Amino acid sequence: MRRAFRPGDYLAILAYLRPLPTLRLACRPCARAWARALGCATTLGFGPRYLHSTGQLHKGGPNTGLFLVVTTEDAEDAEIPEMGTTFGRLKRAQARGDIRALLARGRRVAHVHLKRPEDVSGLASL
């Protein structure tokens, strides 16, 4: 991300995590560390929720964003009735689709897949 940064950019952390209070708290130091390291504004959105609001800006606004997409293994997953898939698979497909849409618009995107949601606190040291 550091090599892709340009003055005037912002960093959007797009976390496909359950927006639990503990995970929100774990993401904050990561966002602050990246903001300090890059010297830019940093946003944090939880997917797929952010897709309906800021996700549109990321793809249609000016090309001033760096996007860090974070996915994890789900500790628990549930079948979607009558769909033949799980909510975890659907969420991962949404993350892949968002990455592809950002790349198609020439956006600068990195993807990190973590084994456990709690590992998000380690992203501050990347």
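Visitor: Hi! What is the relative accessibility of Asp74?
Guide: Asp74 has a relative accessibility of 24%, which makes it partly exposed. The cut-offs are these: buried is under 20% relative accessible area, exposed is over 50%, and partly exposed is in between, using a 1.4 Å probe and protein chains only.

Visitor: And what kind of model is this?
Guide: This is a predicted model, where local features need pLDDT of at least 70 and side-chain atom pairs count only at pLDDT 80 or more, while totals for chains, interfaces and linings use all residues. Residues are numbered from 1 along each chain as its sequence is written, and side-chain values use heavy atoms, with hydrogens and water left out.

Visitor: Back to Asp74. Which side chain does Asp74 meet in a salt bridge at 3.4 Å?
Guide: That is Arg92, with 3.4 Å from N to O. A salt bridge here is a side-chain nitrogen of Lys or Arg within 4 Å of a carboxyl oxygen of Asp or Glu. Arg92 sits in helix H3 (residues 87-104) and Asp74 in the loop between E3 and E4, 18 residues apart. Helices (H or I, at least four residues) and strands (E, at least two) are DSSP runs, numbered from the N terminus. Arg92 is also partly exposed, at 24% relative accessible area.

Visitor: How many salt bridges are there in the whole structure?
Guide: The search finds four. One of them joins Arg116 and Asp119, with the closest N and O atoms 2.7 Å apart. Arg116 is partly exposed at 46%, and Asp119 is partly exposed at 26%. Salt bridges with shared partners also tie Asp74, Lys91 and Arg92 into one network.

Visitor: Which side chain meets Asp9 in a salt bridge?
Guide: Arg108 does, at 2.7 Å from N to O. The two are 99 residues apart, with Asp9 in the segment before E1 and Arg108 in strand E6 (residues 108-114). Both partners are buried: Asp9 has a relative accessible area of 6%, and Arg108 has 14%.

Visitor: How many residues of strand E1 are buried?
Guide: Seven of the seven, residues 10-16, so E1 is largely enclosed by the rest of the structure. Tyr10, Ala12, Leu14 and Tyr16 are buried on one side, and Leu11, Ile13 and Ala15 on the other.

Visitor: Which strands does E1 pair with?
Guide: E1 runs parallel to E2 (residues 41-46), with six bridges, and parallel to E3 (residues 65-72), with seven bridges. Two strands pair if DSSP finds at least two bridges between them. Ala12 has Thr43 of E2 as its bridge partner, while Tyr10 stands opposite Gly65 in E3.

Visitor: Last one. What is the phi of Glu82?
Guide: Glu82 has a positive phi of about 65°, although it is not a glycine. Most residues other than glycine have a negative phi. Glu82 lies in the loop between strand E4 (79-80) and strand E5 (85-86), and Glu82 is exposed, at 86% relative accessible area.
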